[in-house]
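Thanks for coming, everyone. Let me put the structure up, and then we will walk through it.

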Amino acid sequence: MTSNPNVGDCPCQSGRAYSECCEPLHRNDAVAESAEALMRSRYSAFALGGLGEYLLDTWHNSASEKAQLDAATLSRRDVDWHGLEILDSHQQGDKARVEFRAHFSTPAHAHQPAERECLQERSRFIRESGRWFYLSGTIVPTSVAPAPSRNAPCPCGSGKKYKRCCAA
């Protein structure tokens, strides 16, 4: 896989360049140092598309969902990803949890505009032989997830106020 020259800032919104953040993980030049770093790299893989093999490789073999997926399906970009928020990250030994919100929109269809949505998940990870793997995630209903205040920056990363973006 080659570097994506159109990607400056990393899609995971770490504040670092893609080439210094998730790309080395995607190219297998490095391994994630934490469960949060792995989660960010997996979000970036979904956001960029074309990285289904990476997503499968970072999915723990014991996860029942993994057997039902293939690299081609995971490589498709069926939605547009707009932003990532890490809400909580906790590690205890070789186990970890990361809770996040991922903001996305579904493609517009005839006479229907794209809909902005939010996925909130509590993900579980395990480290084996120095490598972190995604185990599973529990979806948190968005009604449980508090919305930001109207004048706060939109968590989707658009740079607009929440009231002028995803709340509209």
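Start with the largest pocket. It has 19 lining residues, and Phe46, Phe100, Leu119, Glu121 and Tyr134 lie nearest its centre. A pocket here is found on a 1 Å grid over the protein atoms alone: an open set of points where a 1.4 Å probe fits, with protein on both sides within 12 Å along at least five of seven lines; lining residues have an atom within 4 Å of a point.

This is a predicted model, so local features need pLDDT of at least 70 and side-chain atom pairs pLDDT 80 or more, while totals for chains, interfaces and linings use all residues. Residues are numbered from 1 along each chain as its sequence is written, and side-chain values use heavy atoms, with hydrogens and water left out.

Which elements give two or more residues to the lining of the largest pocket? Helix H2 (35–48), strand E2 (95–105), strand E3 (116–128) and strand E4 do. These are DSSP runs numbered from the N terminus, at least four residues for helices (H or I) and at least two for strands (E). By class, the lining has 13 nonpolar, three polar and three charged residues. Nonpolar means Ala, Val, Leu, Ile, Met, Phe, Trp, Tyr, Cys and Pro; charged means Asp, Glu, Lys and Arg; the others, Gly among them, are polar.

Next, E3 and E4. They pair in the antiparallel sense over nine bridges. Pairing takes at least two DSSP bridges between two strands. Ser123 has Gly137 in E4 as its bridge partner. The hairpin has two residues between the strands, and Ser129 takes a positive phi near 50 degrees there.

Now the rings. There are four aromatic pairs. Rings of Phe, Tyr and Trp (its six-membered ring) pair with centres within 6.5 Å; planes under 30 degrees apart are stacked, over 60 edge-to-face, the rest tilted. Trp59 and Tyr134 are edge-to-face, because their centres are 5.4 Å apart and their planes at 80 degrees. Trp59 lies in the loop between helix H3 (52–57) and helix H4 (71–75), and Tyr134 in E4 (residues 131–140), so this pair ties together parts 75 residues apart in sequence.

Are these two buried or exposed? Trp59 is buried at 8% relative accessible area, and Tyr134 is buried at 11%. Buried means under 20%, exposed over 50%, partly exposed in between (1.4 Å probe, protein chains only). Tyr134 also pairs edge-to-face with Phe125, at 5.7 Å and 70 degrees. Phe125 is buried too, at 2%.

Finally, Tyr43, Trp81 and Phe104 form one aromatic cluster.
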